[in-house]
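Thanks for coming, everyone. Let me put the model up on the screen, and then I'll walk you through it.

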Amino acid sequence: MLGLEHYLILSAILFSIGLYGVLSKRNAIIILMCIELMLNAVNITLVAFSRYVVPALLTGQVFAIFVIVVAATEAAVGLAIILAIYRGLEDIDVTKINLLKW
Amino acid sequence: MNLALFIPELALVATAVIVILLDLLTEQKRLLAQVSISGLVVAGGVTVAMWGHNFPTIFNNMLAVDNFALFFKMLFLGVAFLVILSSVDYVIKFARFQGEYYALVLLATLGMMLMAATTNLIAIYIAIELTSISLYALVGFLKDAKSTEASLKYLLLGAVASAVLLYGMALIFGFTGKTNLHDIAQSIQALSPPTLFASPALILGIVLLVAGFGFKIAAVPFQMWVPDVYEGAPTPITAYLSVASKAAGFAIILRVFFSAFGQPDWLSQNWGLIFAGLAVISMTLGNIMAIPQSNIKRLLGYSSIAQAGYLMVGLAALGVSPVGDILGQSGVLFFLASYVFTNMGAFIAVIAISGKLNSDLIDDYAGMGKRAPLLALALTLCLISLIGMPPAAGFMAKFYIFSAAVQHDLLWLVVIAVLNSVISAYYYLRVVKVMWLGQAASQEKVPSSAALRLALVLSCLGVLLLGIIPGYMMRLAELAARIFIP
Amino acid sequence: MGSGYLTTILFLPAVGAALIAFALAGRPRLIKWTAAIFTAIPLILAIVLFVQFDRSPEAAGLIQFEEKVLWIAALNANYHLGVDGLSLPLTLLTAFLGFLAVLISWKIDLRVREYFAWLLLLETSILGVFLSLDLLLFFIMWEIEVIPMYFLINIWGSGRKEYSAIKYVVYTLFGSAFMLAGILSIYFTTGSLNMVEIAQGGLAMVQTALPAAAIFWLLLIGFAVKLPVFPLHTWLPDAHTDAPTAVSVMLAGVLIKMGGYGMLRLCVSLFPEVAKGYALLLVILAVVNVLYGAAVTMRQTDFKRLIAYSSISHMGYVLLGIFALGQLSMVGATLQMFSHGLVTGLLFAMVGLVMHNAHERDLRQLGGLARQIPIIAVVFSIAGLASLGLPTTSGFAAEFLVFVGSFSSTIVPGIQVYTILGVLGVVVTAGYILWMLQRAFYGPVLERYNGTPDADILERVYMFAFVAVIMLVGIYPAILTDVIKLGISPIVGLLGG
C-alpha cells in the first residue's frame with residue numbers, strides 16, 4: 001500500500017537529484033532544468049501532504065499551482081538572460097562565463 | 001474586505017503600468033522618472049496616513065496592515081524614491097526600455113512591501129518571487145557581458161534558494177497542515193515538547209527556511225552571489241539590492257520566525273543560536289574578504305554581508321529573549337533604517353563619482369577630496385557610519401542592537417561584533433585615505449546632477465539625524481515592534 | 001553663570017571648525033585667525049570657570065555647572081555635562097593646549113582649511129570626554145576623536161605616517177570595542193547611563209548578569225590602550241613621532257590623559273571593590289611601565305621618538321598613583337596628568353621648532369645648538385628639567401605627591417617596594433633627559449647649524465605661556481590640588497579609606 005512516506009521519499013530523491021545537477025552541471029539550460037526538477041519535487045511534497053494531512057482542504061494543491069506558475073515566469077526570465085549571454089559569448093557553459101570571479 | 005487598505009500597493013501597480021505605456025508615447029524620458037516618483041509619493045502618503053491604526057488583516061488573513069508592515073513599507077518606498085532619483089542620469093546608458101526599468105523598480109518595491117505584510121506561506125513565496133524576478137531582470141539591464149552574467153548568476157542561485165525555501169515551507173505545511181503563520185504557531189504549541197523534538201520535519205523545515213531567507217539577506221554561507229552581482233549590476237540597482245532586498249529579507253524573517261516559531265521557548269532559543277552562529281561567520285568572513293578588494297562595488301558587497309551579520313545579532317537576541325521583550329526587534333528595525341540611509345548615501349556617491357570616472361576601482365578614487373569635495377565628504381560620512389563610529393547613524397544602530405544582545409547574555413557575541421567593527425575600519429578607511437590623500441590623475445572636477453545631489457543630501461541628512469537625535473526613529477521602531485507582543 | 005556655559009566651551013571649537021570648513025575656503029590667514037579666536041574664547045571661559053569653581057569643602061564630590069537635557073528617551077540617555085574637581089583641571093588643560101596648538105600650527109601651509117577644521121574638531125571631542133557625565137555621550141566623544149586624528153597624522157604627518165595613522169585608529173578602536181561592551185553591560189545591570197548616579201549607587205546597583213570584575217576589565221582595556229599601559233603601548237611612539245607638531249602636543253598633552261581620567265572616573269569610581277582586588281596587579285604593571293618606558297627611552301636617538309617614549313614612563317606614574325588607591329596618590333596622579341600635559345606639550349613644541357629650524361632630528365647629528373638658538377635651548381632645558389621632576393616645576397610637585405601618596409597608601413600590600421622601584425624610574429629619566437639636552441644643545445658648536453633661526457615672536461609667546469604655567473603649578477601646586485581633592489575625596493569615600 002502506498003503511503004505518505006513513499007511520496008515524501010520520492011520527492012526527497014528528486015529534490016536531491018535536482019540539487020546535485022545544479023551543483024555539478026555546466027550548461028546553464030540544464031541547470032535551469034534541474035531547478036525545475038527541484039520545484040517539482042516540492043510540488044509532489046505539497047500535494048502529498050495536502051492529500052494525507054488535510055484531505056478536506058486543497059491548500060497544498062493550490063500552493064503547487066502557484067509554484068508552477070511562478071516557476072514558469074522564472075524559467076522565462078532565465079531563458080531570456082541565457083539568450084542574451086549566448087548572443088554575446090556564443091556559449092552557455094557556466095564555467096566559461098567568468099568575467100566576474102565566481 | 002477593505003480594498004482601501006491596499007491603496008499603496010495598487011498605486012504602485014498603476015504607476016508601473018502608466019510608466020510602461022508612457023514610455024511608448026513620449027520622447028521626454030525624464031517624465032518617466034517624475035511619474036514614478038509621484039506614484040511613490042502617493043503610495044507613501046497613504047502609507048503614512050495609515051500608521052498607528054489597528055487595521056484588520058485583509059485578503060482572507062493573507063496580508064497584515066499593522067505598524068510593522070507600514071514601517072517597512074515606508075522604508076521601501078523611501079529607498080525606491082532615492083533609487084529612482086539616483087537613476088535619472090544613469091538610465092541614459094540604456095538606449096531603450098527606460099520605462100521598463102522604472103516599472104521593474106516599482107514592481108520590485110511592490111514585492112517587498114508585500115513581503116513585509118504577508119502572514120501566509122503561499123503569499124510569502126509569491127511576494128519573494130515578485131521581488132526576485134523583477135530584480136533578476138534589473139541586474140541584467142546594462143546588457144553588457146558583466147551585467148548579463150551577474151543576472152544569470154543571480155537568477156540561478158536565487159532560483160535554487162527559492163526551491164530550498166519552498167521545500168522548507170512544504171515540510172512545515174506538512175507538519176502542521178496550515179499555511180497561515182498564526183495557525184502554524186498554534187499547531188506547534190498544541191503539540192507536546194517530546195513530539196516536537198522527535199519531529200525532523202519541523203527542524204529540517206526551519207533550517208531550510210533559514211537557508212532560503214539567508215540567501216535574501218546575504219548571510220554567509222549563502223552569500224556567494226553577492227560580490228559578482230553587486231559588481232555587474234547597474235549601480236543604482238546594486239544600491240537597491242544591498243538595501244531594500246536585505247531589509248525585506250529581515251522583515252520576513254522577523255515576522256515568520258516570531259509569529260510561527262516564537263513559542264515554545266526552547267524552539268526560539270534554538271533558532272536564536274542558529275542566527276548567532278550565522279552572525280559570527282557572516283561578520284567575520286564579510287569583513288575579512290572585504291580587505292583585499294579593489295573594486296568599490298565589491299567592497300561594499302562584502303561590507304553588506306558583514307552588516308547582515310550585525311543585524312543577525314539582533315535576530316539572535318530576539319530568539320533568546322522571552323516573549324514580550326521587543327528590544328531585539330526594534331533594534332533590527334532601527335538598524336535597518338540607519339543602514340538604508342547609510343548604504344544608499346554611499347552608493348549614490350559611488351554612482352556620481354564612478355559615473356564620471358567610468359571606473360569602479362578604488363585606486364581611481366584618488367584625489368576625490370580635491371576633485372569633488374562634497375561627494376568625498378558624503379562618502380566619508382557614510383563609510384564612517386558603516387564602521388559604526390559616531391556621530392553617524394551606524395553607531396547608534398550598533399549601540400541599540402548590541403544593547404539588546406547584552407541584555408540577553410549574548411555579551412560574547414557583542415564582543416565578537418565590536419571587534420569585527422575594528423577590522424572593518426581598516427578597509428573602509430582605506431577608501432577614505434585614497435580619496436583624501438591620493439594623488440588625483442587629473443584635476444578635472446567631478447560634476448553631479450541636481451537629482452543625485454538631492455538624493456545624496458537626503459541620505460546624509462538621514463545619517464546625521466539618526467546619529468545625533470535618534471530618539472524619534474527609535475520610537476517608531478518600537479511602535480512597529482509592538483505587534484510582537486502577543 | 002547660567003546653564004549652557006559648558007556647552008559653549010564644548011561646541012565653540014566645533015562651530016569654528018564648521019565655519020572654517022564651509023565658509024572660508026581659500027583664505028588661509030582668515031582661517032588661522034578664526035581658529036585662534038574659536039579656541040581662545042573657550043580658554044578664557046575655562047579660566048573663568050576655574051576661578052568661579054566652588055572650592056569650599058562642602059562642594060566635595062558635587063557636580064558643578066551641571067547641564068542635563070533628555071536626549072534619547074528610548075535609551076534613557078541624557079545630554080549631561082558637568083565639572084567636578086577631577087574634570088576641571090583637565091578641561092582647563094585641554095582649552096589651554098587647544099589654543100596653543102593653533103599658535104604652534106601657525107606656520108602650516110599645506111591644506112590649511114582642512115587642517116584647522118580637524119584640529120578644532122579634535123579639541124571639541126576631547127573636551128567632550130572630560131565634560132560629559134553620560135556614558136553614551138562620553139563614549140561618542142571618545143570615538144569621534146579618532147577621525148580627526150586619523151586625518152591629521154595621515155596628511156600632515158611625517159615618516160611612516162600612513163602606517164602610524166592606521167595603527168593608531170586600529171588600537172583605539174580595539175580598546176573602545178571592549179569599552180563599548182563594558183558600557184553596555186553597565187547600562188543593562190543598572191538601567192542607567194548616568195555616571196554620577198551609578199557611582200553613588202555603588203556596587204549595589206551593579207549586580208547579576210555579569211561579574212563586576214568582567215565589566216571592570218572590559219572598561220579598563222579601553223583606557224589602558226589610551227594611557228597607554230604596557231603591553232598595549234606600541235601605537236604611541238609611532239603616532240607621536242609621525243604626527244605633526246601641534247598634534248603631538250595634543251596627543252601627548254591631553255589625548256592620553258583620557259585614559260587616566262577614564263580609569264578614575266569609571267573603573268575606580270564605579271567598581272571600588274574590584275579595583276581594590278586588582279590594585280596589586282595594576283601597580284606592578286605601572287612599575288613595569290615606568291621602568292620599561294624609561295629603559296627604552298634611553299636607547300632612542302630620534303629626538304621626537306625619545307620624548308614619545310618618555311611619555312610611557314611618565315604615564316606609569318599616573319597608573320601607579322591611581323591604583324595605589326590613596327587620596328594623596330590619586331591627587332598626585334591627576335596632577336601628574338596635568339603637569340605631564342604641559343611639560344610634554346612644551347617638549348614636543350620645542351622639538352618641532354628644532355626640527356623645523358635645524359632640519360635635523362637625529363640626536364647623533366645635533367650638537368652645540370645652545371650657541372645658535374639660545375632661547376630654544378633655554379626653554380628646552382626648562383621643559384626637560386620639569387620632565388625629570390626638578391623642584392619648582394610642576395613635574396616635581398606631581399611626582400612627589402604620587403610617590404608620597406603611594407608609599408603611604410594602606411590598600412595595596414607591599415606598595416612601598418613598588419613605589420621605590422618607581423622612584424628608580426626618576427633616576428633613569430634624569431639620565432636620558434640630561435643626555436638629550438647635552439647632545440643637542442651643548443658640546444662643541446657645529447658649523448653647519450650656523451644661521452639656524454631662533455624662536456620668533458609668536459613662538460616666544462607660547463613658550464612663555466607654557467613655562468609660566470609650569471612654574472606656577474610647581475611653586476603653588478595648591479591652586480590645583482585644592483580642586484582635585486574635591487573630585488578625589490568621594491572616590492576615597494567609596495573605597496572606604
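Before we start, one cut-off to keep in mind: a residue is called buried if 20 or more other C-beta atoms lie within 10 Å of its own, exposed if 12 or fewer, and partly exposed in between. Please also remember that this is a predicted model.

With that cut-off in hand, take B:Phe59. It has 15 C-beta neighbours inside 10 Å, so B:Phe59 counts as partly exposed. You'll find B:Phe59 in the loop between helix 2 (30-50) and helix 3 (67-87) of chain B. As a reminder, most residues other than glycine have a negative phi, and most peptide bonds are trans.

C:Thr392 is not a glycine, yet its phi is positive, at about 75 degrees. Look for C:Thr392 in the loop between helix 17 (374-387) and helix 18 (394-408) of chain C. Because C:Thr392 has 13 C-beta neighbours inside 10 Å, it counts as partly exposed.

Now for the peptide bonds. B:Pro390 and B:Pro391 are joined by a cis peptide bond, with omega at about 5 degrees. B:Pro391 sits in the loop between helix 16 (373-387) and helix 17 (393-407) of chain B. Over in chain C, another cis bond links C:Phe230 to C:Pro231, and there omega is about 5 degrees. The loop that holds C:Pro231 runs between helix 9 (212-226) and helix 10 (235-242) of chain C.

Let's zoom out to the whole of chain B. It is made with 20 helices and zero strands. Its radius of gyration is 21 Å, close to the 23 Å from the globule rule for 486 residues, so chain B is as compact as a globular protein of that length. Of the 486 residues in chain B, 68% count as buried. And among contacts in chain B with a separation of 6 or more, 81% are between residues 24 or more positions apart.

So what about the nonpolar core? The largest one has 451 residues, and B:Val313 and B:Ala316 have the most contacts inside it. Leaving out residues up to four places away in sequence, B:Val313 touches B:Ala279, B:Ile401, B:Phe402, B:Ala405, B:Leu413 and B:Ala417.

On to the interfaces. Between chains B and A, 31 residues of chain B are in contact with 33 residues of chain A. On the chain B side, helix 6 of chain B gives the most, with 17 residues. By class, that side has 18 nonpolar, seven polar and six charged residues.

At the other interface I want to show, 26 residues of chain C are in contact with 27 residues of chain B. Which helix of chain C supplies the largest share of the side that touches chain B? That is helix 7 of chain C, with 12 residues. The chain C side divides into 23 nonpolar, two polar and one charged.

Finally, confidence. Chain C averages a pLDDT of 88, and 98% of its residues score at least 70. For the complex, the predictor gives an ipTM of 0.92 and a pTM of 0.92. Thanks, and I'm happy to take questions!

Key: Residues numbered from 1 in each chain as written. Chains lettered and ligands numbered in written order. Predicted model: local features only at pLDDT ≥ 70, side-chain atom pairs only at ≥ 80, totals over all residues. Contact = placed C-beta atoms within 7 Å. Helix = DSSP H or I, 4+ residues; strand = E, 2+ residues; numbered from the N terminus. Nonpolar A, V, L, I, M, F, W, Y, C, P; charged D, E, K, R; others polar. Core = buried A, V, L, I, M, F, W, Y, C linked by C-beta atoms within 7 Å. Rg over C-alpha atoms; globule rule 2.2 N^0.38 Å. pLDDT = per-residue confidence, 0-100.
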